[in-house]
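Please read the points below alongside the sequence and the model.

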Amino acid sequence: MKSKSFRDFLNELAKKKKLIKIKKKVSRHLEAAGLLKALDGNVVVLENVSGSEYKVAGNVFSTRELVAECLGVKKEELVAKMMSAINNPTKPRVAERKKAPVLEVAEKNVDLSKLPVLFHCEKDGGPYFSSAVIVARDPELGCNCSFHRLMVIGKDRVVARILPRHLEEFIKRAGGELDVAVVVGAPVNFLLGAATSVKLGQNEMEIANSLMPLEVVELENGIQVPAHAEFIFEATITNEMHDEGPFVDLTETYDIVRKQRVMRINKIYHRRDPIYHALLPGGLEHKILMGMPREPTIFNEVNKVAECRGVNITPGGCSWLHAVVSIKKKNADDGKKAIEAAFLGHKSLKHVVVVDDDIDIYDPNEVEWAIATRFQADKDLTIKTHEKGSSLDPSADPNTYETTKAGIDATKPLIAHGKNFEKARYKKVDVKKYL
């Protein structure tokens, strides 16, 4: 399979007339984000953003169809392809520095105000890098890639929201400060790899390379980054703390203000005429890139206890808190087992619906129909109290994130006892023939 960079995909969409170009001047303060929201689900390129000479692209991977098109597969094949990449990681090819497009231009005099970093919503703490992936390196653990929002607080300073996960462990092991690279305008395989939860020490770029060939280049600080990205920032995560937030999260609600680490940007590399990737906070692209990589981990766990046919992390559930799982039921308790397995596969999952494989998990009406006709709350509902939930859930305990989880077994019984649970299907016809 041929690799495809961020701009390769944009050029491909432009040729197919699947891209909206906005030529009028757009303010990066609220207006640009408002425009991306109004066109959510459509790929947009803003060609004239106030205060910057660079173009902005948004909503680029805002649907499953767009991600599948970029990876060269069908929408229905995405979970299997991601699962295969997670289970079979491969090492990327290392390019020569002089041949890496992302190193075409180097800027030592850092001034972030020249970049089209958007101010998204009225109550935001400041302009934010929203699509940024931090790449860190540890002498023993190797490479780690993870998404982190970055609030601009100066010409060469940002505040990074860092959860107590792998990157925080890398920082501690380095003595409290850590040299890193920041990637903006990356290919979709790198973005999906960076959003995948893996064990400490596993290189997410190897998952990305198994999704689609990924060429990397090594920076002067020894960190490897995608060679065909649009921007690379050499940076240092410092011990200095600063207020971060408010900022709109995946749930489309404001996250709270916290003291977070300041990151100093030391050097900027970019391609000639780079394209800045603006990921709309709480938008469909945010949901797809963050939620979809949890589907293969749920699938893997469910498939251990029942025959799993599909998983959909739903946008209505913020692409984080809700999932629909399809199984081929063979035993009476397969639905209940699938519920427990789904929670193991995604620790932040709050509600899960398990359905039979005759239900379209991407059609909310069919899922609701299954609940209406195949579910009895006194028999088929699983309640899990005092569970560790997600920090993104505003209804969870604000200090401990404790929550109550629920699973709905909306599968039909193996023995119908005289009732008919089959969903009637009409003959599919091509309406165009009749019009």
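1. His386 counts as exposed because its relative accessibility is 62%, where exposed means over 50% relative accessible area, buried under 20%, and partly exposed in between (1.4 Å probe, protein chains only). The place of His386 is in strand 22 (residues 381–388), and its phi is positive, at about 55 degrees, although His386 is not a glycine. Strands (E, at least two residues) and helices (H or I, at least four) are DSSP runs, numbered from the N terminus.

2. A word on the basis of these notes: this is a predicted model, in which local features need pLDDT of at least 70 and side-chain atom pairs count only at pLDDT 80 or more, whereas totals for chains, interfaces and linings use all residues. Residues are numbered from 1 along each chain as its sequence is written, and side-chain values use heavy atoms, with hydrogens and water left out.

3. Asn59 also has a positive phi, of about 60 degrees, without being a glycine, but Asn59 counts as buried because its relative accessibility is 1%. Asn59 lies in the loop between strand 3 and helix 3 (64–71). In another loop, between strand 14 (231–244) and strand 15 (247–248), sits Pro246, and the peptide bond that leads from Gly245 to Pro246 is cis, with omega near 0 degrees.

4. Strand 2 (residues 43–46) and strand 3 (residues 55–58) run antiparallel and are joined by three bridges, with Val44 standing opposite Gly58 in strand 3. Strand 3 and strand 18, by contrast, run parallel and are joined by four bridges, and the partner of Ala57 in strand 18 is His277. Strand 18 is covered on both faces, with Ile275 and His277 buried on one side and Tyr276 and Ala278 buried on the other.

5. Axes here are lines fitted to C-alpha atoms, for helices over the stretch in contact, and angles run from 0 to 180 degrees between N-to-C directions; contact means heavy atoms within 4.5 Å.

6. How many of the eight residues of helix 7 (residues 204–211) are buried? Seven are, so helix 7 is largely enclosed by the rest of the structure; among them are Glu204, Glu206 and Asn209. At the start of helix 7, a side-chain oxygen of Asn203 comes to within 2.8 Å of the backbone nitrogen of Met205.

7. Lys287, whose place is in helix 8 (residues 284–291), counts as buried because its relative accessibility is 4%. The side chain of Lys287 reaches the backbone oxygen of Leu250 at 3.4 Å. Leaving aside neighbours within four places in sequence, Lys287 is in contact with residues including Leu250, Glu252, Pro315 and Cys318.

Notes: Two strands pair if DSSP finds at least two bridges between them. A polar contact is a pair of N or O atoms within 3.5 Å; within protein, one must be able to donate a hydrogen and the other to accept it, and residues adjacent in sequence count only if both atoms are side-chain atoms.
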